Structure formats: C-alpha cells, structure tokens
Amino acid sequence: MKDTYIFGIESSCDETSCSIVKNGKEEIATVISSQIDVHKNFGGVVPEIASRHHVKNITMVIDECLEKANMKLEDMDAIAVTYGPGLIGSLLVGVEAAKTLAYIYNKPLIPVHHISGHIYANQLVEEMKFPLIALIISGGHTELIYMKDHYSFEKLGGTLDDAVGECYDKVARVIGIPYPGGPTIDKYATEGEDTYSLPLPLNDHSYNFSFSGLKSAVINLVHNEEQRGNPIRKKDLATSFQNTVVEIICRKTMQALEEKEVKNLIIAGGVAANQGLRHKISELCEERGIHYTFPQMKYCTDNAAMIAASGYFAYQLGRTADLTLNPKSSEPLK
Ligand code: KG4
Ligand code: ZN
C-alpha cells in the first residue's frame with residue numbers, strides 16, 4: 001500500500017510547530033519553536049505577544065521541518081492543522097498558513113481538534129487499542145473520554161473550573177516558581193515530604209473534577225503561614241499538592257476503567273509528563289491488568305507530530321475542510 005504523509009501544523013498557544021508523520025504512526029521530522037522564555041517574564045502566556053511570535057516564526061518552522069525531513073510539500077498527501085480550541089490570534093496564524101499551503105500545493109486540508117491531537121500523541125508510541133479510556137490532563141483541559149474507535153469521543157466528565165495544569169501553574173506562582181510551574185512542582189515533589197494537609201477535591205462518584213478549591217486551599221495555607229511568620233517549605237508543599245492531585249485523578253480514572261469495563265488507558269496532555277502521576281498510574285494499571293500508554297515526554301506538551309498523527313485518521317475518515325475553515329477559540333471535541 002502507498003505510504004501517506006501528513007504535514008501537521010500546531011500554533012494554538014505558545015508553541016509554533018510543524019511535523020511530518022508517515023501513516024499516522026511514524027514521525028519523520030518535527031520542529032517545535034517554544035515561546036516559554038518570552039512569556040516567563042509575564043507569569044503566563046500573553047495572547048497578543050504569542051500571536052505576533054507565531055507570525056514571525058511560522059515560515060521558518062515550516063522550512064526547517066521540510067529540510068530536516070529532506071522532503072517537499074509536493075510529497076505530502078494532506079495538510080493538517082489545529083483549528084481549535086486555543087488562543088484565537090495564535091490559531092489564526094496556523095490555520096492561515098495551512099490554508100495557504102493547501103491552496104498553493106492543491107492538497108486536502110484537515111482540521112484537527114487540539115485535544116484529539118493530544119490523544120493521538122499516543123499513536124506515535126504504539127497502535128491505539130479500542131475500546132479505551134483517554135485521560136486528558138493539560139493546561140487547558142482535564143477530561144475523561146471513552147473511545148470505542150478512532151474519532152469516536154464520548155465525554156464522561158471533566159473539570160468544572162480550573163484545568164489541572166492551570167492549577168499547577170497557579171500554585172507554583174503563589175510559591176514563587178516561574179511559569180510554567182508544573183515541571184518544577186513535579187521535581188520538588190520528589191524531594192519533599194507530604195506534611196501539609198490539603199482537601200481531596202470533588203471526591204464523589206462523578207467523572208468531574210474541580211481544582212479551584214484546591215488552589216484556594218493552597219493560597220490560604222500560604223497566607224496563614226506567612227501571617228504566623230512561618231516560612232513555607234516549598235518542597236513539602238509541592239509534595240502534598242501533587243499527592244492530592246494524583247490521588248483524585250487516579251481514583252476517577254480507575255473508576256471509569258472499571259465501570260466501562262475497559263482494559264486500555266491512554267494519558268494525554270502536558271501534565272502526562274508528570275513523574276508522580278506516571279508512577280502511580282503504572283502501579284495501579286499493572287495491579288489491574290490494564291494496558292496503558294503515555295506519550296513520549298517530548299510529545300506531552302504542544303507539538304505538531306500529534307496533530308499530524310491525528311490528522312492521518314481524520315484524513316482516512318474523509319474529515320476534510322475547504323478554504324473557508326476558521327479557527328475556533330472554544331470547540332467541543334467531536
Ligand atoms: O498540553 P499543554 O502543552 O498545553 C495545553 O494544551 O494546555 O500543557 C501545558 C501544561 C502546563 O500547565 C504545565 O505546567 C503542565 O502542562 N506540565 C506539567 C508537567 N509538565 C508540563 N504539570 C505537572 N507536571 C509536569 N511534569
Ligand atoms: Zn495542548
């Protein structure tokens with residue numbers, strides 16, 4: 001059978017990325033230009049600055065990716081792009097670039113939902129096995145999804161307020177850790193002790209999550225300790241916070257696997273890089289005979305390889321768009 005090459009573009013937040021993926025599973029080349037250093041000074045992503053950097057970077061990233069793969073756009077079967085959800089100005093840059101390439105090179109245009117991309121980062125590790133439960137944990141999303149086949153997404157539940165990555169970043173900020181704080185809290189959590197008492201948020205039988213109460217509990221704890229003149233033991237607080245997050249996420253994920261009688265689990269999104277969570281999920285899945293995959297560390301956070309992988313399956317299903325495609329800042333996964 002003829003090989004299918006998808007050219008993927010991702011620009012929904014603060015990474016400008018392009019990638020070429022063969023047959024939805026083999027990464028040929030990926031380039032990721034991150035703006036983290038730019039946004040660090042502001043304590044978070046500044047949308048206007050992000051879109052200006054995407055404009056500056058996009059053509060260079062496209063060229064670099066083709067060069068790295070030693071391929072031409074003529075060799076591609078389709079152009080896949082993240083059309084939402086995300087920052088509208090940032091998305092616009094990727095979508096316009098993809099539409100331009102699709103028009104000039106007369107290639108099909110494949111719109112890819114950002115979360116679908118995160119899910120399909122697992123396809124670059126091994127062929128996804130269905131039915132499965134997908135645990136999506138990123139800076140913008142926290143969701144449990146049931147998939148009985150490719151591109152069949154049934155949402156079981158999700159966060160009612162903050163996303164888990166957002167909560168990591170906010171807690172980090174309160175204790176003086178620069179953006180994005182998730183990786184540093186994760187590192188501190190391996191060095192501290194669980195000595196602070198924090199509430200287990202939304203500990204019920206639903207598949208929903210809530211992290212704003214946990215964030216407030218950390219903020220109150222820090223303020224109270226400051227008022228008492230007690231220095232915050234950052235590593236201990238990171239450990240207590242991470243243990244609380246890991247516990248509630250694992251509890252609900254295991255419940256979903258059990259109730260849906262599913263034996264396959266995939267984890268997706270930036271927080272899938274978390275070592276504490278990786279360790280706990282592995283332990284629980286091995287005990288229960290659940291087959292699980294995490295994306296490679298480099299493809300947990302935003303990248304175009306996952307968009308090209310997801311785009312391949314969308315292409316197989318005929319999910320193409322015409323040149324009237326517009327980005328969507330908020331969009332349900334479908
Ligand atoms: O998936 P992503 O790149 O962006 C969204 O689509 O939202 O995820 C970024 C998020 C940030 O909140 C970052 O702090 C978090 O993922 N993150 C982590 C870790 N690495 C990245 N959170 C906890 N532990 C980590 N090791
Ligand atoms: Zn993302």
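Helices here are DSSP runs of H or I with at least four residues, and strands are runs of E with at least two, both numbered from the N terminus. This is a predicted model, in which local features need pLDDT of at least 70, side-chain atom pairs count only at pLDDT 80 or more, and totals for chains, interfaces and linings use all residues. Residues are numbered from 1 along each chain as its sequence is written, and side-chain values use heavy atoms, with hydrogens and water left out.

Let's start with the overall layout. The protein chain is divided into domain 1 (5–120 + 299–316) and domain 2 (130–294), with bounds that come from an automatic or database domain assignment. Their C-alpha centres lie 27 Å apart, and 20 residues of domain 1 are in contact (heavy atoms within 4.5 Å) with 18 residues of domain 2.

Both domains give residues to the lining of the largest pocket, so this pocket lies between them. A pocket is an open set of points on a 1 Å grid over the protein atoms alone, where a 1.4 Å probe fits, with protein on both sides within 12 Å along at least five of seven lines; lining residues have an atom within 4 Å of a point. The largest pocket holds about 1200 Å³ of space, a volume being the space filled by probe spheres set on the points. Among its 41 lining residues, Ser138, Gly139, Gly140, Asp169 and Tyr179 lie nearest the centre. Helices α1 (36–40), α4 (114–120), α5 (164–174) and α6 (182–189) each supply at least two lining residues, and α5 gives the largest share, six residues.

By class, the lining divides as follows:

| Class | Lining residues |
|---|---|
| Nonpolar (Ala, Val, Leu, Ile, Met, Phe, Trp, Tyr, Cys, Pro) | 15 residues |
| Polar (the others, Gly among them) | 17 residues |

**A look at Gly44**

Gly44 sits in the loop between α1 and α2 (47–69). At 16% relative accessibility, Gly44 counts as buried, the cut-off being under 20% relative accessible area with a 1.4 Å probe and protein chains only. Leaving aside residues up to four places away in sequence, Gly44 touches His39 and Tyr179.

**Inside the cores**

A nonpolar core is a set of buried Ala, Val, Leu, Ile, Met, Phe, Trp, Tyr and Cys residues joined through side-chain atoms within 4.5 Å. The largest one has 49 residues, of which Ile133, Phe211, Phe241, Ile249, Leu265 and Ile281 touch the most other members. Its largest share, 11 residues, comes from α8. A second, separate core of 31 residues includes Ile110, Ala121, Met128 and Ala268.

Terms used: Chains lettered and ligands numbered in written order. Buried < 20%, exposed > 50% of the residue type's maximum accessible area, 1.4 Å probe, protein only.
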